[in-house]
Amino acid sequence: MTPFPADIFTEPTDVDPDTLANLGPLRRLAGGWEARRGVDLNPKAEGPERREFIERIDFQPIDPQANGPQLFYGLRYHIHITTAEEDITFHDQVGYWLWEPATGLVMQTLAIPRGQVALAAGHATADADTITVDAERGQTQYGICSTAFLEYAFRTDHYRVTITFNPDGSWSYVTDTTLAVHGQDKPFAHRDQNTLVRISDPVPNPWAQIIAARRAQGAKA
């Protein structure tokens with residue numbers, strides 16, 4: 001039996017314009033973050049390479065999004081990573097983190113400019129201290145799509161990221177990606193991990209800003 005309603009067209013009418021107040025477990029991600037001691041373990045021809053990296057992430061609230069009756073509140077994000085040894089970007093990534101209050105569904109969409117996208121999902125409570133989402137190659141719901149070269153040389157079979165919110169206000173993540181590397185018999189466990197501290201607060205979503213501006217104008221009238 002499908003968990004979805006028979007009416008797939010009617011959108012909810014009780015939508016709160018304030019995204020920041022409705023992000024559930026994602027609320028603590030909103031804003032700008034930085035860390036200088038991230039660790040990346042990646043495959044090389046001569047064996048696994050361990051690199052430390054400098055990371056900045058910006059999460060900003062978007063207006064509520066509806067798929068018919070399904071309602072999401074979310075954050076748009078941009079990750080930019082460099083290293084102390086090189087000026088060139090080590091990693092760049094954009095996407096969304098989304099929260100469905102009705103079901104506890106958490107989703108991450110991601111895109112990287114080397115020809116790869118993914119949609120990962122999990123479930124969490126509104127006050128969860130830990131969030132985990134997964135994506136698997138070959139799935140049509142929460143899956144991974146890559147270029148022909150990446151499929152040939154560094155095929156991504158599974159992706160998982162776990163976020164942990166720390167008592168001091170920072171947050172940590174561990175990203176585990178299972179790769180099938182061309183010419184290697186065993187899967188490669190690619191891991192990134194970091195702990196980030198806040199450097200800026202979020203800006204309210206556009207709809208919330210419009211309503212706040214109208215209220216301010218009304219108060220002056």
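Colleague: Let's start with one residue. Which residues does Thr177 touch, not counting residues up to four places away in sequence?

Modeller: A contact here means heavy atoms within 4.5 Å. By that rule, Thr177 touches Thr156, His158, Tyr159, Phe188, Ala189 and His190. Before we go on, this is a predicted model, where local features need pLDDT of at least 70 and side-chain atom pairs count only at pLDDT 80 or more, while totals for chains, interfaces and linings use all residues. Residues are numbered from 1 along each chain as its sequence is written, and side-chain values use heavy atoms, with hydrogens and water left out.

Colleague: Where does Thr177 lie, and is Thr177 buried or exposed?

Modeller: Thr177 sits in strand β10, residues 171-181. Helices and strands are DSSP runs numbered from the N terminus (H or I, at least four residues, for helices; E, at least two, for strands). For burial, we look at relative accessible area: under 20% is buried, over 50% is exposed, and partly exposed is in between, with a 1.4 Å probe and protein chains only. Thr177 has 12%, so it counts as buried.

Colleague: Which strands pair with β10?

Modeller: Two strands pair if DSSP finds at least two bridges between them. Strand β9 (residues 154-165) pairs with β10 in the antiparallel sense over 11 bridges, and Val161 has Thr175 of β10 as its bridge partner.

Colleague: Now the core. Which residues touch the most other members of the largest nonpolar core?

Modeller: The general idea is that in soluble globular proteins, nonpolar side chains tend to be buried together. We call a set a nonpolar core if it is made of buried Ala, Val, Leu, Ile, Met, Phe, Trp, Tyr and Cys residues joined through side-chain atoms within 4.5 Å. The largest one has 35 residues, and Leu26, Leu29, Phe59, Trp97, Val106, Ile163 and Trp171 touch the most other members. Strand β3 (residues 70-82) gives the largest share of this core, 6 residues. There is also a second, separate core of 6 residues, including Ile62, Leu98, Leu105 and Met107.

Colleague: How do I read the aromatic pairs, and how many are there?

Modeller: A pair of aromatic rings is described by the distance of the centres and the angle of the planes. Rings of Phe, Tyr and Trp (its six-membered ring) pair if their centres lie within 6.5 Å; planes under 30 degrees apart are stacked, over 60 edge-to-face, and the rest tilted. This structure holds 6 such pairs. One of them is Phe59 with Trp171, edge-to-face at 5.9 Å centre to centre and 70° between the planes. Phe59 is in strand β2 (residues 49-67) and Trp171 in strand β10, so the pair ties together parts 112 residues apart in sequence. Phe59 is buried at 2%, and Trp171 is buried at 2% too.

Colleague: Which salt bridge involves Asp176?

Modeller: Asp176 pairs with Arg191, the closest N and O atoms being 2.7 Å apart. Arg191 lies in strand β11 (residues 188-200) and Asp176 in strand β10, so this pair ties together parts 15 residues apart in sequence.

Key. Salt bridge = Lys/Arg side-chain N within 4 Å of Asp/Glu carboxyl O.
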